[in-house]
Amino acid sequence: MTQKIVASRTASRVKRHTRIRLRLAGTGGRPRLAVFRSLNHIYAQVIDDASGSTLAAASSLEPTLKTQTGTKTEDAKRVGQLVAERAKAAGIEQVVFDRAGFKYHGRVRSLAEAAREAGLDF
């Protein structure tokens, strides 16, 4: 009798992310807004894949955001607003959203909607 090998959640997410990244890339004119969600925190970067550089970034670990209390979803909303403000300060209006294999739900969705409300177009 053979056993079925079950992939871990992380392995499945990485597999989805690899599949997504085959057709999604950030350029100088329209960089990629990459999101990473850990168990307790959320991180966002605006990346120009052509030059391999990060143009703007924000995370829930930053001192200004870390002192504020609230749920993790509210933290994600604040990170979305902050990364959008920093991207606009760097002259970026349009981005490509990279959810990194995570579902567009909960904290990832909250971050994306806050970034849109703060003026990023995607």
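Biologist: In the hairpin of β2 and β3, which residue takes a positive phi?

Modeller: This is a predicted model, and in it the strands β2 and β3 run antiparallel and are joined by 6 bridges. The hairpin that they form has 4 residues between the strands. The residue there with a positive phi, near 70 degrees, is Gly52.

Biologist: Which residue of β3 is the bridge partner of Ala44?

Modeller: Strand β2 covers residues 42-48 and is bridged to β3 in an antiparallel manner, with Ile47 of this pairing set against Thr54 in β3. For Ala44, the bridge partner in β3 is Ala58.

Biologist: How many bridges join β1 to β2, and how do the two strands run?

Modeller: A hairpin leads from β1 to β2 through 4 residues, and within the pairing Ala34 has Gln45 of β2 as its bridge partner. The two strands run antiparallel, and the number of bridges that join them is 6.

Biologist: In what order do the strands of the open sheet stand, and which of them are at the edges?

Modeller: The sheet is open, is formed by 4 strands and has mixed pairing, in the order β3-β2-β1-β4. One side of a strand is left without a neighbour in the sheet where that strand has a single partner, so the edges are taken by β3 (53-59) and β4 (96-98). Neighbouring strands are turned against each other, direction ignored, by an average of 20 degrees. The order is therefore β3-β2-β1-β4, and the edge strands are β3 and β4.

Biologist: Which helix packs on the sheet, touching β1, β2 and β4?

Modeller: The helix in question spans residues 107-117, and its direction makes about 145 degrees with that of β1 (32-37). Its buried residues are Arg107, Val108, Ser110, Leu111, Ala112, Ala114 and Ala115, and these pack against α3 (72-89) as well as against β1, β2 and β4. After the helix comes Gly119, whose phi is positive, near 120 degrees. The helix that packs on the sheet is α4.

Biologist: How many of the residues of β2 are buried?

Modeller: Strand β2 is joined by bridges to β3 and also to β1, while helix α4 touches β2 as that helix packs on the sheet. The strand is mostly covered, and of its 7 residues the number buried is 5.

Biologist: Is Ser60 buried or exposed?

Modeller: Ser60 is found in the loop between β3 and α2 (63-66). Leaving aside neighbours within four places in sequence, its contacts are with His41, Ile42, Leu65, Lys66, Asp75 and Val79, and its side chain makes a polar contact of 3.0 Å with that of His41. Because its relative accessible area is 7%, under the 20% cut-off, Ser60 counts as buried.

Biologist: Is Lys15 buried or exposed?

Modeller: Lys15 lies in helix α1, which covers residues 9-21. From Ser38, Lys15 is 23 residues apart in sequence and 17 Å apart in space, C-alpha to C-alpha. Because its relative accessible area is 59%, over the 50% cut-off, Lys15 counts as exposed.

Biologist: Which element gives the most residues to the lining of the largest pocket?

Modeller: The largest pocket holds about 240 Å³ of space, and its lining is made up of Arg9, Thr10, Arg13, Arg16, Phe36, Arg37, Ser38, Gly101, Phe102 and Lys103. Two or more residues of that lining come from each of α1 and β1. The element that gives the most, with 4 residues, is α1.

Biologist: In what order do the elements of the protein chain run from the N terminus on?

Modeller: The secondary structure of the protein chain comes to 4 helices and 4 strands, and its C-alpha trace spans about 60 × 35 × 20 Å along the principal axes. From the N terminus on, the elements run α-β-β-β-α-α-β-α.

Biologist: Among contacts between residues at least 6 apart in sequence, what percentage join residues at least 24 apart?

Modeller: The protein chain has 122 residues, of which 37% count as buried. Among its contacts between residues at least 6 apart in sequence, the share that join residues at least 24 apart is 60%.

Methods
Residues numbered from 1 in each chain as written. Predicted model: local features only at pLDDT ≥ 70, side-chain atom pairs only at ≥ 80, totals over all residues. Heavy atoms only, no water. Pairing = 2+ DSSP bridges. Axes fitted to C-alpha atoms, helices over the stretch in contact; angles between N-to-C directions. Contact = heavy atoms within 4.5 Å. Buried < 20%, exposed > 50% of the residue type's maximum accessible area, 1.4 Å probe, protein only. Polar contact = N/O pair within 3.5 Å; in protein donor to acceptor, adjacent residues only side chain to side chain. 1 Å grid on protein atoms, 1.4 Å probe; cavity = no way out; pocket = protein on both sides within 12 Å on 5 of 7 lines; lining within 4 Å. Points joined across faces, edges and corners; volume = space filled by probe spheres on them.
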